[in-house]
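Dear colleague,

Please look through it before reading the notes that come after it.

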Amino acid sequence: MVQDILLETERLILRRLTIADAESVYAIRLEIAKSSDLPTLDDTRNRWLPFILSYYQEGHGFGYWAAIEKVTNEFIGWFYFRSAPNKATDTAIGYFLKRSAWGKGYATEGVRALIVKGFTELRVKRVVATALTRNIASIRVMEKVGLRFEKLFTDDATGREALRYCLLREDFDA
Ligand SMILES: CC(C)(COP(=O)(O)OP(=O)(O)OC[C@H]1O[C@@H](n2cnc3c(N)ncnc32)[C@H](O)[C@@H]1OP(=O)(O)O)[C@@H](O)C(=O)NCCC(=O)NCCS
């Protein structure tokens, strides 16, 4: 059965992404991209979004969530919560918001809701998150939601120093 992944927090609706979100997603991808690796609308619509939508077909409740700001009904970014690439027993969490929505606690609010869903409904064993050492806001979000520092490593994609944080089910239950 395909699960409905809709989630609601105090200030956000977290819903499935759709192809109709292509322009909103593209605008945010462009805003947070590195200048050497700019996305295109075509890539967003024909490669990036179809990949994200394929998660919903699998029906296991993981994948990507669009973040809608309730007060404006605006698309402000997205979260993912999915198997970690290198370790199937881990569930990786990530968050990407448009600049005008930063600093309002939205990333923390969405991540908290996904972690609760993961441990209470989805039988997740361990949540992990990674961020470049220089990405202070992202690291602060990990700390605020109760993840704990695990290790320092070199990010394969960028060659830069990165941090991994994690939270075990036992520590969440406690
Ligand atoms: C990371 C990101 C999602 C944060 O979103 P956000 O909604 O602004 O996060 P929150 O408001 O929940 O929390 C951010 C925290 O970082 C702190 N922070 C932000 N910039 C900071 C800085 N330069 N120095 C110190 N603290 C900083 C904020 O003060 C806040 O902590 P506080 O509540 O204790 O004051 C957003 O910056 C983003 O989308 N960045 C680009 C994409 C990205 O890097 N994603 C992470 C990869 S997983």
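The following paragraphs set out what was found, from the overall fold to single residues.

Please bear in mind throughout that this is a predicted model.

Overall fold. The protein contains 5 helices and 8 strands. Read from the N terminus, its elements follow the order β-β-α-α-β-β-β-α-β-α-β-β-α. The radius of gyration is 16 Å, close to the 16 Å that the globule rule gives for 174 residues, so the protein is as compact as a globular protein of that length. Along the principal axes, the C-alpha atoms occupy a box of roughly 40 × 40 × 30 Å. Of the 174 residues, 29% are buried. Among contacts between residues at least 6 apart in sequence, 57% link residues at least 24 apart.

The sheet. The 8 strands make up an open sheet with mixed pairing, in the order β1-β2-β3-β4-β5-β6-β8-β7. Its edges are β1 (7-8) and β7 (148-154), each of which pairs on one side only. Strands β6 (residues 126-132) and β8 (residues 161-168) run antiparallel and are joined by 7 bridges.

Leaving aside residues up to four places away in sequence, Cys166 touches Arg126, Val127, Val128, Leu147, Arg148 and Glu150. Leu30, by contrast, is 136 residues from Cys166 in sequence and 29 Å from Cys166 in space, C-alpha to C-alpha.

In soluble globular proteins, nonpolar side chains tend to be buried together. The largest nonpolar core of this model has 42 residues, and those with the most contacts inside it are Trp65, Ala67, Phe79, Val111, Met142 and Leu147. Helix α3 gives the most to this core, with 7 residues. Phe79 touches Leu14, Trp65, Ala67, Gly94, Tyr95, Gly110, Val111 and Leu114, again without counting residues up to four places away in sequence.

The ligand. Which residues are closest to the ligand? They are Trp102, Ala107, Thr108, Ala137 and Arg140, within a surrounding set of 19 residues. By class, this shell has 11 nonpolar, 6 polar and 2 charged residues. β5 (90-97), α3 (106-120) and α4 (136-144) each supply at least two residues of the shell. The most comes from α4, which gives 5 residues.

Two loop residues. Most residues other than glycine have a negative phi. Two exceptions deserve a note. Asn73, found in the loop between β3 (63-69) and β4 (74-83), has a positive phi near 60 degrees. Asn73 is exposed, with 8 other C-beta atoms within 10 Å. Arg123, in the loop between α3 and β6, likewise has a positive phi near 60 degrees. With 10 other C-beta atoms within 10 Å, Arg123 is exposed.

With kind regards

Conventions:
Residues numbered from 1 in each chain as written. Predicted model: local features only at pLDDT ≥ 70, side-chain atom pairs only at ≥ 80, totals over all residues. Near = placed C-beta within 6 Å. Helix = DSSP H or I, 4+ residues; strand = E, 2+ residues; numbered from the N terminus. Nonpolar A, V, L, I, M, F, W, Y, C, P; charged D, E, K, R; others polar. Rg over C-alpha atoms; globule rule 2.2 N^0.38 Å. Buried ≥ 20, exposed ≤ 12 C-beta atoms within 10 Å, placed from the backbone. Contact = placed C-beta atoms within 7 Å. Core = buried A, V, L, I, M, F, W, Y, C linked by C-beta atoms within 7 Å. Pairing = 2+ DSSP bridges.
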